[in-house]
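Student: I'd like to learn how to read a model like this one. Could you walk me through it?

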Amino acid sequence: MTTGQQILPLIDHLARVGRRATDTWMSGCLRPRHMIALRLLGEHGPMTQHAFGTALSLDPSNVVGLLNELEERELITRRRDPADRRRHIVELSAAGSGELAQTCDQLGLVEDDLFKSLTAQERATLHDLLARAVGALSPAWAADPCVAPVPCLAPEGEH
């Protein structure tokens with residue numbers, strides 16, 4: 001790599017500008033971890049709490065916290081598995097699907113403004129390259145969270 005062509009400082013700067021824009025235009029939207037969780041459920045359907053955590057590479061204690069947040073907002077449902085009462089089944093709710101779609105639309109507008117200097121082809125290339133880099137690190141994040149059947153959500157604050 002040539003000196004001066006480091007990518008991470010550019011990504012960090014874009015992320016900060018993007019967070020400010022989404023904080024301004026998308027207050028109250030879901031955080032990225034919620035987006036990924038809801039997308040996973042939308043694409044794969046109901047699954048056990050354990051399988052959900054494994055797919056997201058989360059520690060079991062973090063899975064419970066995430067599911068509690070989503071359940072409080074009525075974005076998912078959690079019920080006992082009739083075949084094994086010790087397990088819970090997690091499922092995307094209609095409200096969760098709707099919130100995901102709405103936020104993805106709003107996020108698209110923010111991204112249109114953020115990347116207005118790029119052509120549609122350049123944006124597609126940037127997306128593909130970043131998705132490939134992310135997918136190599138964490139397969140659950142590899143797919144685009146804003147593609148059907150389940151759209152996407154807004155940025156995450158400090159956690």
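Student: Which element does a hairpin join to E3, and through how many residues?

Tutor: Strand E2 is joined to E3 by a hairpin of two residues. Before going on, note that this is a predicted model: local features need pLDDT of at least 70, side-chain atom pairs count only at pLDDT 80 or more, and totals for chains, interfaces and linings use all residues. Residues are numbered from 1 along each chain as its sequence is written, and side-chain values use heavy atoms, with hydrogens and water left out.

Student: What is the order of the elements from the N terminus on?

Tutor: Helices (H or I, at least four residues) and strands (E, at least two) are DSSP runs, numbered from the N terminus. Here you get six helices and three strands, in the order α-α-β-α-α-β-β-α-α.

Student: How do I read strand pairing, and which strands pair with E3?

Tutor: Two strands pair if DSSP finds at least two bridges between them. Strand E2 (residues 76–81) pairs with E3 in the antiparallel sense over six bridges, and arginine 80 has histidine 88 in E3 as its bridge partner. Strand E1 (residues 47–48) also runs antiparallel to E3, joined by two bridges; there, threonine 48 stands opposite isoleucine 89. As a rule, side chains in a regular strand alternate between the two faces of the sheet.

Student: What sits in the loop between strand E3 and helix H5?

Tutor: That's serine 93, between E3 (84–92) and H5 (94–114).

Student: Is serine 93 buried or exposed?

Tutor: Buried means under 20% relative accessible area, exposed over 50%, and partly exposed in between (1.4 Å probe, protein chains only). Serine 93 has 12% relative accessibility, so it counts as buried. Across the protein, buried residues make up 32% of the 159 residues.

Student: Which polar contacts does the side chain of serine 93 make?

Tutor: A polar contact is a pair of N or O atoms within 3.5 Å; within protein, one must be able to donate a hydrogen and the other to accept it, and residues adjacent in sequence count only if both atoms are side-chain atoms. A polar atom of the serine 93 side chain lies 2.7 Å from the backbone oxygen of glutamate 74. The side chain also reaches the backbone nitrogen of glycine 96, at 3.0 Å. For plain contacts (heavy atoms within 4.5 Å), leaving aside neighbours within four places in sequence, serine 93 touches Glu74, Leu75, Ile76 and Thr77.

Student: How many salt bridges are there?

Tutor: The rule is a side-chain nitrogen of Lys or Arg within 4 Å of a carboxyl oxygen of Asp or Glu. The count comes to 11 salt bridges. One of them pairs aspartate 81 with arginine 87, closest N and O atoms 2.7 Å apart. Aspartate 81 has a relative accessible area of 8%, so it is buried, whereas arginine 87 is partly exposed at 38%.

Student: Where do glutamate 43 and arginine 39 lie?

Tutor: Both are in helix H2 (residues 32–44), four residues apart, about one turn of the helix. Arginine 39 is buried because its relative accessible area is 3%; glutamate 43, at 31%, is partly exposed.

Student: Which residues form a network of salt bridges?

Tutor: Arg31, Arg33 and Glu69 are linked that way.
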